[in-house]
Amino acid sequence: MTSTIPIYRGMGLSIPYPESWRVTEDGKGTDTQSVLFESTETAFMSVSICSDCDDPMLAIEEATEGMESDYDDIEVEDTSVAVELDGIRCRELRFYYLDMVVLSRLISFRHNGSIYLMQQQAEDREFVQIANVFAAMVIGMSKAMGQ
């Protein structure tokens with residue numbers, strides 16, 4: 001018996017995700033502007049269309065500013081991911097929330113004339129444990145885009 005990996009299809013993207021994760025859209029059909037994938041622990045991945053951005057780095061900057069206004073002492077580091085997407089930019093943020101260190105990775109890219117912002121986030125030890133899950137989701141999405 002073979003298992004089928006669930007795939008979210010919407011917003012012009014196809015994203016594989018773990019069967020145990022919950023998926024929530026902010027709208028239906030062509031009105032959907034963001035989707036949230038949530039693990040059973042602290043991890044989540046969100047993907048949004050940035051309708052007011054025309055540059056992936058601008059989307060990263062705006063998201064960083066928003067997080068800096070919500071959390072104190074954020075460590076910010078520009079980094080990269082191992083996929084080729086049009087205009088891709090990546091930044092990692094580390095901050096304290098309650099008694100946890102949280103790692104949040106922001107990834108932005110261009111696809112079919114839109115700018116997308118992806119946020120992968122979890123408690124830092126959990127992030128290390130599921131980094132391959134996040135990577136598989138992004139690689140699967142990239143392959144579906146033909147990139």
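A nonpolar core is a set of buried Ala, Val, Leu, Ile, Met, Phe, Trp, Tyr and Cys residues joined through side-chain atoms within 4.5 Å. Buried means under 20% relative accessible area, with a 1.4 Å probe and protein chains only.

This is a predicted model, where local features need pLDDT of at least 70, side-chain atom pairs count only at pLDDT 80 or more, and totals for chains, interfaces and linings use all residues. Numbering starts from 1 along each chain as its sequence is written, and side-chain values use heavy atoms, without hydrogens or water.

**Whole chain.** Colour by secondary structure. The order is β-β-β-β-β-α-β-β-β-β-α from the N terminus. Of the 147 residues, 44% are buried.

**Main core.** Select Ile15, Phe37, Val47 and Phe109. Within the largest nonpolar core, of 29 residues, these four touch the most other members. Helix 2 supplies the largest share, 6 residues.

**Phe109.** Zoom in here. Beyond four places in sequence, its contacts (heavy atoms within 4.5 Å) include Leu13, Pro56, Leu85, Ile88, Tyr116 and Met141.

**Second core.** Select Ala59, Ile60, Phe95 and Leu106. They belong to a separate core of 13 residues.

Technical notes: Buried means under 20% relative accessible area, exposed over 50%, partly exposed in between (1.4 Å probe, protein chains only). Helices (H or I, at least four residues) and strands (E, at least two) are DSSP runs, numbered from the N terminus.
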